[in-house]
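This report describes one protein model and the way its parts meet. Please look over the sequence and the structure before reading on.

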Amino acid sequence: MTAPIVHTTRLVAAYRRYLGSADAPRFAHDVDEHYTSATLTALLSRGEVEHRRAAALALGMLGDRHCVDFLGRALSDVDRGVRLVADDSFHSVIVRDAAPLHHQKLLRVIHLNDGGEYAAALSPVMVLIDQAPLYAEAHHQLAICWHGLEDFEKAESAYQSCLWHCRFHYTAWQSLAKVRALLGKPTKALDALNRCLDINPDVETARMQRRVIRRRMRQSDV
């Protein structure tokens, strides 16, 4: 029996135990003992369905920025189960993709933005970006601040900065479309929505946005 088959069997066994127990620490430990991130990303890219689901789950717990593109591609996997797991893992990785101190600062900013306290979040997120300029999710949160404060031009720029650092950030693509529509750029808004749906075909709200923009464009041509 070759090594890859043994590794795959161990991964699937650990995954099935996890499904029965929901014991995430044990699953992470079992996988970490036998797999590198490179092996997991390879399985995510070309393994059987159960292997892809297990690899996506493991990367969400153990992966770093080097696995973001692999998880991003898995968001359009033919299997919905893989897509759902990859989605959770993708967001987990991009949020923690920084030093622990910066991660904690980001969580505070997210909390403020989630509560609609955009002005309060603005200063700390700008400081965070100065300290960690490659942190894609920090740029996303800055964009949310500007969006909430209705400075749509600055929001557009911040969403673009986020996407420069993480091209699979489909939430940023969808929000970029919203501000472009508000800025009177419907064609560019549609481009952003198409990118969003290419990355994650399950974003039904993006399909709705696209239909609304197209309808408005047709009405304006009448």
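## Two domains

Domain bounds in this report come from an automatic or database domain assignment. On that basis, the protein is divided into domain 1 (10-96) and domain 2 (100-221). The centres of domain 1 and domain 2, taken over C-alpha atoms, are 26 Å apart.

## Basis of the model

This is a predicted model, in which local features need pLDDT of at least 70, side-chain atom pairs count only at pLDDT 80 or more, and totals for chains, interfaces and linings use all residues. Residues are numbered from 1 along each chain as its sequence is written, and side-chain values use heavy atoms, with hydrogens and water left out.

The predictor's confidence in each residue is given as pLDDT, from 0 to 100. Its mean for the protein is 94, and 96% of the residues reach 70 or more. Over residues 1-7, however, the pLDDT is below 50, and this stretch has four contacts (heavy atoms within 4.5 Å) beyond near neighbours in sequence. Where pLDDT is low, the predicted coordinates should not be read in detail.

## Overall architecture

The protein contains 13 helices and zero strands; helices (H or I, at least four residues) and strands (E, at least two) are DSSP runs, numbered from the N terminus. Along its principal axes, the C-alpha trace spans about 65 × 45 × 25 Å.

## Where the domains meet

At the interface, 15 residues of domain 1 are in contact with 18 residues of domain 2. The two domains bury about 1,200 Å² between them, 58% of it on carbon and sulfur atoms. Buried area is the accessible area (1.4 Å probe) that two parts lose on being put together, summed over both. Leu75, Ile94 and Val95 supply 37% of the area that domain 1 buries against domain 2, more than any other three residues.

## Charged groups and helices at the interface

Between domain 1 and domain 2 there are three salt bridges, each being a side-chain nitrogen of Lys or Arg within 4 Å of a carboxyl oxygen of Asp or Glu. Asp202 forms a salt bridge with Arg80, and the closest N and O atoms of this pair are 3.4 Å apart.

On the side of domain 1 that touches domain 2, the elements that give two or more residues are α5 (68-74) and α6 (80-95). The largest share, seven residues, comes from α6.
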